[in-house]
Amino acid sequence: IGFWEPHTSSIDFCEANYRFTPYVAELLNSITSIPIALAGVLAWATTPSPYQTSLRFVLCWLAFIAIGLGSAAFHSTLRRSAQA
């Protein structure tokens with residue numbers, strides 16, 4: 001039994017739940033989501049300065065960060081609120 005049970009998500013991936021720790025439902029999927037968020041941070045940091053405040057670039061990098069963090073939250077908890 002894990003910390004986040006019962007799960008409310010509509011899908012459960014192939015990784016065994018709470019295999020490594022009782023606090024993270026799918027640890028490996030959670031860990032592999034972090035580089036997506038880090039890619040957004042790195043891209044934003046290395047964008048040439050005239051474009052760093054351009055709305056289209058800011059939204060693009062924020063989307064990467066949000067998707068990476070959201071995916072990590074979902075795989076950590078398997079909650080419906082993190083799935084949406």
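This is a predicted model: local features need pLDDT of at least 70, side-chain atom pairs count only at pLDDT 80 or more; totals for chains, interfaces and linings use all residues.

The dialogue below takes up a helix, several serine and glutamine contacts, and aromatic rings.

Trainee: How many residues does α1 have, and what length does it reach?

Mentor: Helices are DSSP runs of H or I with at least four residues, numbered from the N terminus. The expected span is 1.5 Å times one less than the number of residues. Helix α1 has 20 residues and reaches 29 Å from its first C-alpha to its last, close to the 28 Å expected.

Trainee: Which residues of α1 are buried?

Mentor: Buried means under 20% relative accessible area, exposed over 50%, and partly exposed in between, with a 1.4 Å probe and protein chains only. In α1 the buried residues are Ser30, Ser33, Ala37, Gly40 and Ala43. They cover an arc of only 135 degrees around the axis, so they lie on the same side of α1; the arc is taken from the directions from the helix axis to the C-beta atoms. An α-helix has 3.6 residues a turn, so residues three or four places apart point the same way. The buried residues of α1 pack against α2, whereas Thr32, Leu38, Leu42, Ala45 and Thr46 are exposed on the other side.

Trainee: What does Ser33 touch?

Mentor: Contact means heavy atoms within 4.5 Å. Not counting residues up to four places away in sequence, Ser33 touches Gly68, Ser71, Ala72 and His75. Ser33 is buried, at 4% relative accessibility. A polar contact is a pair of N or O atoms within 3.5 Å; within protein, one must be able to donate a hydrogen and the other to accept it, and residues adjacent in sequence count only if both atoms are side-chain atoms. The side chain of Ser33 reaches the backbone oxygen of Asn29 at 2.9 Å.

Trainee: Which side chain joins that of Ser76 in a polar contact?

Mentor: It is the side chain of Ser30, at 3.1 Å. Ser76 lies in helix α2, residues 55-77, and is buried at 18% relative accessible area.

Trainee: Where is Gln83 placed?

Mentor: Gln83 belongs to helix α3, residues 80-83, and is partly exposed at 26%. Its side chain makes a polar contact of 2.8 Å with the side chain of Ser10.

Trainee: How many aromatic pairs are there?

Mentor: A pair of aromatic rings is described by the distance of the centres and the angle of the planes. Rings of Phe, Tyr and Trp (its six-membered ring) pair if their centres lie within 6.5 Å; planes under 30 degrees apart count as stacked, over 60 as edge-to-face and the rest as tilted. The count comes to 5 aromatic pairs. One of them, Phe3 with Trp4, is edge-to-face, at 5.1 Å centre to centre and 90 degrees between the planes. The rings of Trp61 and Phe64 have centres 6.2 Å apart and planes at 50 degrees, so that pair is tilted. Trp61 and Phe64 are 3 residues apart in helix α2, which means about one helical turn separates them.

Trainee: Which residues do ring pairs link into a cluster?

Mentor: The cluster links Phe3, Trp4 and Tyr23.

Notes: Residues are numbered from 1 along each chain as its sequence is written. Side-chain values use heavy atoms; hydrogens and water are left out. Helices (H or I, at least four residues) and strands (E, at least two) are DSSP runs, numbered from the N terminus.
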